[in-house]
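Have the viewer open while you read.

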Amino acid sequence: MPPTPCTLKLTPMLREMIKHYETISNKKYNSDYTSKFIDVMLHELANIQRESFSLPISENPKIRLLADYIMTNPTNRLTIELWAKNMAMSKRTFERFILKETGISFGRWRQKLQLLIAIRLLNSGVTVQNVAYELGYDSVTSFIIMFKKNIGKTPGHYINDKLDHVNT
């Protein structure tokens, strides 16, 4: 397994295996079957391609709370001042706190988290327009520009490349 946390490009087969594992883990299956199934999943995970994208996260409960809130409310566009106030910090203290815990600025960190949300939505079949809406972008173009700047390709090309990879 990778030595550091990272984002993996799940293959359709591995995605289905994980779904299947959820069903067998709650039932009394033969332990030999379950053990072999897990071995195959781990073998696939060990050989899977990593995304060139990651989100720095810390064990700090405030960072976890922040990430959980943004994940469940991706359209929320609170300003850094309001986030600082909600965390009972001054803006400057909040900026230093985020930088210390994640290694990047709050704006960059939030954008990376939104990219993870966007990738998850795109991979589940949500249209580019709906992803832009789900993330609170005023225009689809703004979302596409941000996505391309960070991922290196437009959301449409990202999905097409994934489909091409699956079909080969």
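This is a predicted model: local features need pLDDT of at least 70, side-chain atom pairs count only at pLDDT 80 or more; totals for chains, interfaces and linings use all residues.

1. Start with H3 and H6. Helix H3 covers residues 61-72 and helix H6 covers residues 106-123, and the two pack at an angle of about 45° with their axes 10 Å apart. That angle makes H3 oblique to H6. On the H3 side the contact is made by Ile-63, Leu-66, Ala-67, Ile-70 and Met-71, while H6 brings in Phe-106, Trp-109, Arg-110, Leu-113, Ile-117 and Arg-120. Sorted by class, the contact of H3 with H6 has nine nonpolar residues, two charged ones and no polar ones. As for handedness, H3 passes H6 in a right-handed crossing.

2. H3 also packs against helix H5 (residues 91-102), here at about 95° and with the axes 11 Å apart. So H3 is roughly perpendicular to H5. If you want to select the contact, take Lys-62, Ile-63 and Leu-66 from H3, plus Phe-94, Phe-97, Ile-98, Glu-101 and Thr-102 from H5. Those residues divide into five nonpolar, one polar and two charged. Ile-63 and Leu-66 are worth a click, as they are among the H3 residues that touch H6 and are also in the contact with H5.

3. Next, H6 against H8. How are these two oriented to each other? Their axes are 11 Å apart and meet at an angle of about 100°, and H6 and H8 are therefore roughly perpendicular. From H6 the contact takes Arg-108, Gln-111, Leu-115, Ala-118, Ile-119 and Leu-122, and from H8 it takes Phe-143, Met-146, Phe-147, Asn-150 and Ile-151. The class count for the contact of H6 with H8 is eight nonpolar, two polar and one charged.

4. Now zoom in on Asn-150, which sits in helix H8 (residues 140-151). Is Asn-150 buried or exposed? Its relative accessible area is 17%, so Asn-150 counts as buried, the cut-off being under 20%. Leaving aside residues up to four places away in sequence, Asn-150 touches Arg-108, Gln-111 and Leu-115.

5. Two distances to check around Asn-150. A polar atom of the Asn-150 side chain lies 2.8 Å from the backbone oxygen of Met-146. The C-alpha atoms of Asn-150 and Gln-111 are 9.2 Å from each other, though the two residues are 39 residues apart along the chain.

How values were computed
Residues are numbered from 1 along each chain as its sequence is written. Side-chain values use heavy atoms; hydrogens and water are left out. Helices (H or I, at least four residues) and strands (E, at least two) are DSSP runs, numbered from the N terminus. Buried means under 20% relative accessible area, exposed over 50%, partly exposed in between (1.4 Å probe, protein chains only). Contact means heavy atoms within 4.5 Å. A polar contact is a pair of N or O atoms within 3.5 Å; within protein, one must be able to donate a hydrogen and the other to accept it, and residues adjacent in sequence count only if both atoms are side-chain atoms. Axes are lines fitted to C-alpha atoms, for helices over the stretch in contact, and angles run from 0 to 180 degrees between N-to-C directions. Angles under 35 degrees count as roughly parallel, over 145 as roughly antiparallel, 65 to 115 as roughly perpendicular and the rest as oblique. A crossing is left-handed if the near helix is turned anticlockwise from the far one by less than a right angle, and right-handed if clockwise. Ala, Val, Leu, Ile, Met, Phe, Trp, Tyr, Cys and Pro count as nonpolar, Asp, Glu, Lys and Arg as charged, and the others, Gly among them, as polar.
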